[in-house]
Amino acid sequence: MSVLRIGDIGVLLAGSSLVAGLTMWAWGGDRGDAAIIRAAGQVVETASLTHAQTFTVNGPLGITRVEIQPGRARIARDPSPRQLCVKQGWLTQSGQAALCLPNQVSLEIRGRDRAYDTLGY
Amino acid sequence: MTRSAIELPVNADDRRIARLAAWAIGLTLAEAAIPSPLPGVKPGLANIVILLVLLQHGWRAAAWVSALRVLAGGLLFGSLFAPGFWLSAAGACSSLLVLALVRYLPRSHFGPVSLSVLAAFGHIGGQLALAGWWLLPGVALIKLLPVFAAAALVFGAVNGIIVARVLAAPASDRRQSGPCLLP
């Protein structure tokens, strides 16, 4: 019997498409890989999204806590009255940003290529 | 002199499994000498033996050979019950589970290459699952997934082709010095 049978070719093609899909999913430019934290317009921290960490930033109203997990980041706590930036939840895509205007803190996600200048909701 | 009270009867099956496991262990040791850009990206030459055992002697024998290989490999590398050992064991277990399922695929359409590629994906899947859950929780292993998957595809296919060629070779070619047959 031949070395490669029809099913083998199917398995190889399926495997190749799995590898291609994983590559696009994991290395796609859209997923951000760094978080930029600003206070009063100045960059105070640039953190990579590879491992979990938290930062605290001081603003006029108090302390803003930024939480970073692999592949995503969010404002975990903020003293602003309407909590808009906290309610935005996790940011994953390059260009997404959460602005805590009352406390003058912002969190922005950066990827390798910037498809958008900013993404707001 | 007192005679030992314990007697372990050894039959032909045990000898065969021991001989095949020795092949697998030898290949494991040999490939440890091959430099790898990333821990975990290895040709998995021992899987050639596991696959040949599966196709010639059934899944039970393959599981025995695989378990002996992981255990003896751990002893020889001095990593018994260390993280690397558990990663190896997780990979061996998940690839055996995959093989337990895919061996029922029709042989007329799915040859050793299919089994090898699917087992290789199972192997790296089990290892990454354990690594992500236990050893490196919270680290973005996602970024490395494509590298591991591509290695599994390439090495799985190459190993499968080797298995297919060994199986297709006439029996006289497989004879070693003495009556010991290659697995």
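I take a nonpolar core to be a set of buried Ala, Val, Leu, Ile, Met, Phe, Trp, Tyr and Cys residues joined through C-beta atoms within 7 Å. The model I am working on is predicted.

**Entry 1: cores**

I looked up the largest nonpolar core and found 50 residues in it. The residues with the most contacts inside this core are B:Ala24, B:Val49, B:Ile50, B:Leu51, B:Val65 and B:Ala152. I then listed the helices that each supply at least two residues: from chain A, α1 (6-27), and from chain B, α1 (12-32), α2 (46-57), α3 (59-77), α4 (83-102), α5 (112-135) and α6 (145-168). α5(B) gives the most, with eleven residues. Apart from this core lies another, of 15 residues, and I noted A:Leu49, A:Ile75, A:Cys85 and A:Leu107 among them.

**Entry 2: B:Ala152**

I checked the contacts of B:Ala152, leaving aside neighbours within four places in sequence. B:Ala152 is in contact with B:Ala120, B:Phe121, B:His123 and B:Ile124.

**Entry 3: α2(B) against α3(B)**

For this pair I looked up the angle and the axis separation: α2(B) and α3(B) pack at about 155°, with axes 7 Å apart. Angles over 145 degrees count as roughly antiparallel, and α2(B) and α3(B) are therefore roughly antiparallel to each other. I recorded their crossing as right-handed.

Next I listed the residues that meet. α2(B) brings B:Ala46, B:Val49, B:Ile50, B:Val53, B:Leu54 and B:His57. On α3(B), the partners are B:Trp59, B:Ala61, B:Ala62, B:Val65, B:Ser66 and B:Arg69. Sorted by class, this contact has nine nonpolar, two polar and one charged residues.

Notes:
Residues are numbered from 1 along each chain as its sequence is written. Chains are lettered from A and ligands numbered from 1 in the order in which they are written. This is a predicted model: local features need pLDDT of at least 70, side-chain atom pairs count only at pLDDT 80 or more; totals for chains, interfaces and linings use all residues. A residue is buried if 20 or more other C-beta atoms lie within 10 Å of its own, exposed if 12 or fewer, and partly exposed in between; C-beta atoms are placed from the backbone. Helices (H or I, at least four residues) and strands (E, at least two) are DSSP runs, numbered from the N terminus. Two residues are in contact if their C-beta atoms, placed from the backbone, lie within 7 Å. Axes are lines fitted to C-alpha atoms, for helices over the stretch in contact, and angles run from 0 to 180 degrees between N-to-C directions. Angles under 35 degrees count as roughly parallel, over 145 as roughly antiparallel, 65 to 115 as roughly perpendicular and the rest as oblique. A crossing is left-handed if the near helix is turned anticlockwise from the far one by less than a right angle, and right-handed if clockwise. Ala, Val, Leu, Ile, Met, Phe, Trp, Tyr, Cys and Pro count as nonpolar, Asp, Glu, Lys and Arg as charged, and the others, Gly among them, as polar.
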